[in-house]
Amino acid sequence: MSDPRRWQIGLVGYGEVGRILAEDLRQQDIKVAAYDIKLGGEQGAPLKDHAAKFGVALAGSHAELTAKSDFIVSAVTASQAVPVAKACAAAVNQGTWFLDFNSASPGAKQRAAAPIDAAGGRYVEGAVMTSVPPYRIKVPLLLGGPGAKELEPLLNAIGFAAKVASDKLGVSSAVKMCRSIMIKGLEAMVIESFTTARAYGVEDAVFASLAETFPGINWEKQGAYFFQRVIEHGRRRAEEVREVAETVREAGLTPWSAQGTAERQAWVADLADDGLFGRKGTKEFARSADWRTEADRILAKINRKT
């Protein structure tokens, strides 16, 4: 279908990103369906409530969603990018667009594209270049692959902020992955540095020095934001950074920094799963405006162990 406003859009993955896209697309009266493996478990209730509120149809499987979609967005965890593509390829219709929103390595994107293209679908990689919530559907998006140039105006017609990076698969993802070495690494370093500074009581001196070196950054505000995001999304971020590490390996380097970042992100995710930062799903979870609150929780737990 040439008019994207008439598309039946299928969202694979109904997490934070999927729900934001659903809201913004439904606001334009575009038909949206979604599938998420969590729908069948204990975590499915809030997803079902959200879908009912915004008029999103829920599918019972990858195949059911794919078979009735003109355009599919895969927004799952990084490790599932290739398995989801394979699952959707089994039922994809001829000419159906498949936009891979996932933070995966260039090699993974190429492996995901193969079954979709072989089944007659049209795979395009999408590299999301910053955090989605502040921008929502207009988050900067780099497209890659043979169909990227054709898909770009169709996406932008329904609210996306897409730009073609290359007609070669893997280029967009390489940009995203290299950026994530810095961004996800900075998150991990901030948590490690600030919590350690708090333990020694030297955070004010550290902040003064950082402000002198990087005067354009509000480290108090940025620190609180980094703690919030890692506490809430550390598990997904750890998976993404493992894909970053794979990207580094694909380039022939040893991913020392990326590996350490993945471990720190996963470590915070483990603490969150244990309830250290409060109960997940509440308005207070991962929303402290002062990073010290969360650092003190971490230090208290560490001190209990020792």
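**Sheet, helices and domains of a predicted model**

Reader: How many bridges join strand β1 to β2, and how do the two strands run?

Author: Strand β1 (residues 8-12) and β2 run parallel and are joined by five bridges. Strands here are DSSP runs of E with at least two residues, helices are runs of H or I with at least four, and both are numbered from the N terminus. This is a predicted model, in which local features need pLDDT of at least 70 and side-chain atom pairs count only at pLDDT 80 or more, while totals for chains, interfaces and linings use all residues. Residues are numbered from 1 along each chain as its sequence is written, and side-chain values use heavy atoms, with hydrogens and water left out.

Reader: Which residue in β2 is the bridge partner of glutamine 8?

Author: The partner of glutamine 8 is lysine 31.

Reader: Why is β2 largely enclosed?

Author: Strand β2 (residues 31-35) is largely enclosed by the rest of the structure because four of its five residues are buried. Buried means under 20% relative accessible area, exposed means over 50%, and partly exposed lies in between (1.4 Å probe, protein chains only).

Reader: What is the order of the strands in the sheet?

Author: The open sheet has eight strands in the order β3-β2-β1-β4-β5-β6-β7-β8, with mixed pairing. Two strands pair if DSSP finds at least two bridges between them. At the edges are β3 (57-58) and β8 (161-166), each pairing on one side only.

Reader: What about β5 and β6: how many bridges are there?

Author: Four bridges join β5 (residues 97-100) to β6 (residues 122-128), and these strands run parallel. Leucine 99 has valine 124 as its bridge partner in β6.

Reader: Which strands does helix α8 touch?

Author: Helix α8 (residues 171-200) packs on the sheet and touches β6, β7 (140-144) and β8. Its direction makes about 20° with that of β6. Axes are lines fitted to C-alpha atoms, for helices over the stretch in contact (heavy atoms within 4.5 Å). Angles run from 0 to 180 degrees between N-to-C directions.

Reader: A change of topic: is cysteine 88 buried or exposed?

Author: Cysteine 88 counts as buried because its relative accessibility is 0%. Cysteine 178 is partly exposed, with a relative accessible area of 48%.

Reader: And how is the chain divided into domains?

Author: The protein chain has domain 1 (4-168) and domain 2 (173-304), with bounds from an automatic or database domain assignment. Their centres, taken over C-alpha atoms, are separated by 28 Å.

Reader: How many residues are in contact there?

Author: In domain 1, 19 residues are in contact with 16 residues of domain 2.
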